[in-house]
Each structure stands twice: as C-alpha cells, then as structure tokens.
Amino acid sequence: MKRKTLEKIIYYQNKNNIKPLIVFISGAACDQTLWGFQRRYYSNKDYSTFIINLPGHGSNNEKALKSIEKMGEYITENLKKLSHKKFILISHSMGTLISLYIASKKVLDIEKMVLIGTAFPMKVSAFLLDLSKNDQSLAINNMIKWSIPERKELYGSQLIGMRLHNFLYRVMEKTKKGVLLQDLMACNKFNLSNQLLKNIDIPTCIISGDKDIMTSVTSADYLNGILSNSEMKVIYDCGHFHMFEHPNNLRNIISKFIGV
C-alpha cells in the first residue's frame, strides 16, 4: 500500500517508544472520529497513539473484511510494522471482540486492555441484520436511537454544542454500503472458547453503561466472570457511546487503570 494511501487510513502520533503505544479500535460502521477527544488527551500525556480505519470504514476504500479474525490480523500486521514493542488496546463495541482475538493469539506484547461497551457473545438480532441488509441508513439511524438514552437523545452529549445523534449518524454514514451488515454478521459469528478467554491473562478493564441496550451490563459482566485478570466499571446514565456521553468519566477510569 502506498504511503499516501496509508496517511488517509492510519492516524499515528509517535511521541516515544518508552511508554506502550495506545491503540484505539473502533466498533461497527465507525472510524477514527470517535476517538478524537481521548486520543488527544493521551497524546498530550506523552503517549504514542495509533488508530487504523478498517477496510470499508471511513476513508479506507479497501474491500471490507468479513470476520473478526481477519480484522484482528489486519490490525496486528500493521502494528508489527511499527517500532513499538508494547501496546495498550482501547476498544469499543465490535472493536472489543477484535481486541479479545488479538489478545488470544499472543503475538503482540499487550500490557493492558480496555473494553468499552462490550458483550460476549455479541449476538445481533435478526431484525437488525435484515434491516442492515435492506436499508443501511435506516439501520444506522435505529442503532443510534437504541444506543443513546432518551435524555441524551434530547439534550446531546457532555460536549457543548454537539447534537449527538446527528454527529454519530454523519460518522457512520461514511461506511461503505453493505459494510454494516458484514460487521454485524462478524460480531454475530465470532466466538472464543471459555478456555481461550481464561488464558488471556492481560490486565483488562471492562467499562459498561447502565443504560446500554446494545451491549448490556449483564453481558459485559458475563465476560468479566470468564476472564482471569479483569475488573469491571459501570458508568451510570450512559448508553453505548461512552466516549461522547461521559467523556470525562471514561477518561478518568482509563487513566486510573493504565496509570496515567
């Protein structure tokens, strides 16, 4: 891939090679936009940061990948090209499955993981799969409505001046046609045995929203019970988009966990 193309899909700031590289991994139909505030904060704390848009997402026009395993391998291969040897994975929704897959392969030295808005298994309703197949834009609109609590739907996020629903819709609408369905099917099909999950001994922080319909606290807690070295934090009055609904709470939990 030519460097000019890479600059459009990789968002990489190299501060130093002493601290682990923070890798942000996005969810279904999302791109680097969702990590802007968190990424800037940790960059200012002298952490190197890395985000790569998955094929078919945002500015990446490569052919979309159909499985969590392929997505994990895509990210891993790009990380191997860097000079960093240690990593912190911070992921959201579908991205948390990618993190779990990467961790299970044990090919990277991952110091810590943060799983935001996760569920395991991450099953998707037949209704949403059908809607994604027939009308991706309507499916995105409904996903956002289900993801944001009613009060946030009316008044937006904690970020002044942002109409959260409209913002998220614009971000997710950039996803290539048909990719949302592939993402949701990948989530639906992905599985790791309990033994493989237990073998992941990386310190892990699971962050859930108490009003998250897409990935419930119950499902997140189930995963927390399987992992051998995890803790769980719940953000109250929060749906599925923690990084916008409660950016400061999220940042404080992450910072305490990774030791900033």
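At what angle do the axes of helix H6 and helix H9 cross, and within what distance do they come? This is a predicted model, in which local features need pLDDT of at least 70 and side-chain atom pairs count only at pLDDT 80 or more, while totals for chains, interfaces and linings use all residues. Residues are numbered from 1 along each chain as its sequence is written, and side-chain values use heavy atoms, with hydrogens and water left out.

The axes of H6 (residues 136–147) and H9 (residues 179–189) cross at roughly 55 degrees and come within 9 Å. H6 is therefore oblique to H9, a term for angles that are not under 35 degrees (roughly parallel), over 145 (roughly antiparallel) or 65 to 115 (roughly perpendicular). Gln136, Ala139, Ile140 and Met143 of H6 meet Val179, Leu180 and Leu184 of H9, where contact means heavy atoms within 4.5 Å. These residues divide into six nonpolar, one polar and no charged.

A second pair is formed by helix H2 (residues 36–44) and helix H13 (residues 247–258), whose axes lie 11 Å apart at an angle of about 40 degrees. H2 is therefore oblique to H13. From H2, the contact involves Gln38, Tyr41 and Tyr42; from H13, Pro247, Leu250, Arg251, Ile254, Ser255 and Ile258 take part.

The whole structure holds one cavity of 30 Å³ or more, a cavity being a set of points on a 1 Å grid where a 1.4 Å probe fits but cannot get out. The volume of the largest cavity is about 40 Å³. Its lining, made of residues with an atom within 4 Å of a point, includes Ile25, Cys30, Asp31 and Ile75.

Definitions and conventions. Axes are lines fitted to C-alpha atoms, for helices over the stretch in contact, and angles run from 0 to 180 degrees between N-to-C directions. Helices (H or I, at least four residues) and strands (E, at least two) are DSSP runs, numbered from the N terminus. On a 1 Å grid over the protein atoms alone, a cavity is a set of points where a 1.4 Å probe fits but cannot get out, and a pocket is an open set with protein on both sides within 12 Å along at least five of seven lines; lining residues have an atom within 4 Å of a point. Grid points are joined across faces, edges and corners, and a volume is the space filled by probe spheres set on the points. Ala, Val, Leu, Ile, Met, Phe, Trp, Tyr, Cys and Pro count as nonpolar, Asp, Glu, Lys and Arg as charged, and the others, Gly among them, as polar.
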